[in-house]
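Visitor: Hi, I'm new to this one; could you walk me through it?
Guide: Gladly; here it is to look at while we talk.

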Amino acid sequence: IVGGGEEDAKSWQACKQVLCLHHSERDKEATCTILKFSKRLPLFKYITNTQRTALCSTMELLTFSRGHVTHRLEQPEDGVWLVVVSGSLSLMVRTCPGGEFVRMACFGVGETFGHSYLKLFCTSDYDMTGYIECDSDGTECVTVTVPQQFRNDFRTCSRPLWYDEMATCFHVSVDQAAEQLGICMSVIKKICRRHGI
């Protein structure tokens, strides 16, 4: 699990027992168990303790069978992210009506994904569609529901900004680009400096 060490396995087992409880039935100790495990996940690396506590308090464990579709492009974005704990999932994209679906990305243990990842590959300029499905039986994921007050902060530390996506904003001011891309101006400036743009 995640790092693969014995300590990670013990931490996961304790967390798994707590995640079997409905979040309304969890006490402070149970939430602390989830918080301890969450520190091992890359998703939680750059968020505040307040955000971490809010996210961990509503986490749930889901187990999927092979072929189960977790996200479709047509579904509305809901602020729910999944962290893969065991197994793997694939992001599948079809570039034209009647064409074949092609694997564009694979999410393995410790990786996080959400509906917005489909938007990265399925642009509105083309008639593309996509979905994310489980590759094997018994795939386990932890849900992370981002409260509305943290969604803008969370988006900037959880999704990549692609060059093509950023290039669509080269003709507008940095504050307009920030609004259009849904990230803050300082992040855009930092990325531009890093890549000499």
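What follows is a chat about the strands, a few residues and the surface.

Visitor: What should I know before I start?
Guide: This is a predicted model, in which local features need pLDDT of at least 70 and side-chain atom pairs count only at pLDDT 80 or more, while totals for chains, interfaces and linings use all residues. Residues are numbered from 1 along each chain as its sequence is written, and side-chain values use heavy atoms, with hydrogens and water left out.

Visitor: How many helices and strands are in the protein?
Guide: The protein has eight helices and eight strands, which are DSSP runs numbered from the N terminus (helices are H or I with at least four residues, strands are E with at least two).

Visitor: What order do the strands take in the open sheet with β2?
Guide: That sheet of four strands runs β2-β7-β4-β5 with antiparallel pairing, where two strands pair if DSSP finds at least two bridges between them. β2 (69–72) and β5 (102–107) are at the edges, and each has a single partner strand, so one side of each lacks a neighbour in the sheet.

Visitor: And how many bridges join β4 to β7?
Guide: Six bridges join β4 (residues 89–94) to β7 (residues 129–134), and L89 has C134 in β7 as its bridge partner.

Visitor: What about the sheet with β1, what's its order?
Guide: Its four strands are in the order β1-β8-β3-β6, an open sheet that is also paired antiparallel. β1 and β8 pair over five bridges, and the bridge partner of L61 in β8 is V142.

Visitor: Switching topic, is Q148 buried or exposed?
Guide: Q148 counts as exposed because its relative accessibility is 60%; the cut-offs are under 20% relative accessible area for buried, over 50% for exposed and partly exposed in between, with a 1.4 Å probe and protein chains only. Q148 lies in the loop between β8 (139–145) and α5 (151–156), and its C-alpha atom is 7.9 Å from that of G79, although the two are 69 residues apart along the chain.

Visitor: Where does I197 lie?
Guide: I197 is in the segment after α8 (185–194), and I197 is partly exposed, with a relative accessible area of 46%.

Visitor: And what percentage of the protein's residues is buried?
Guide: Buried residues make up 42% of the 197 residues.
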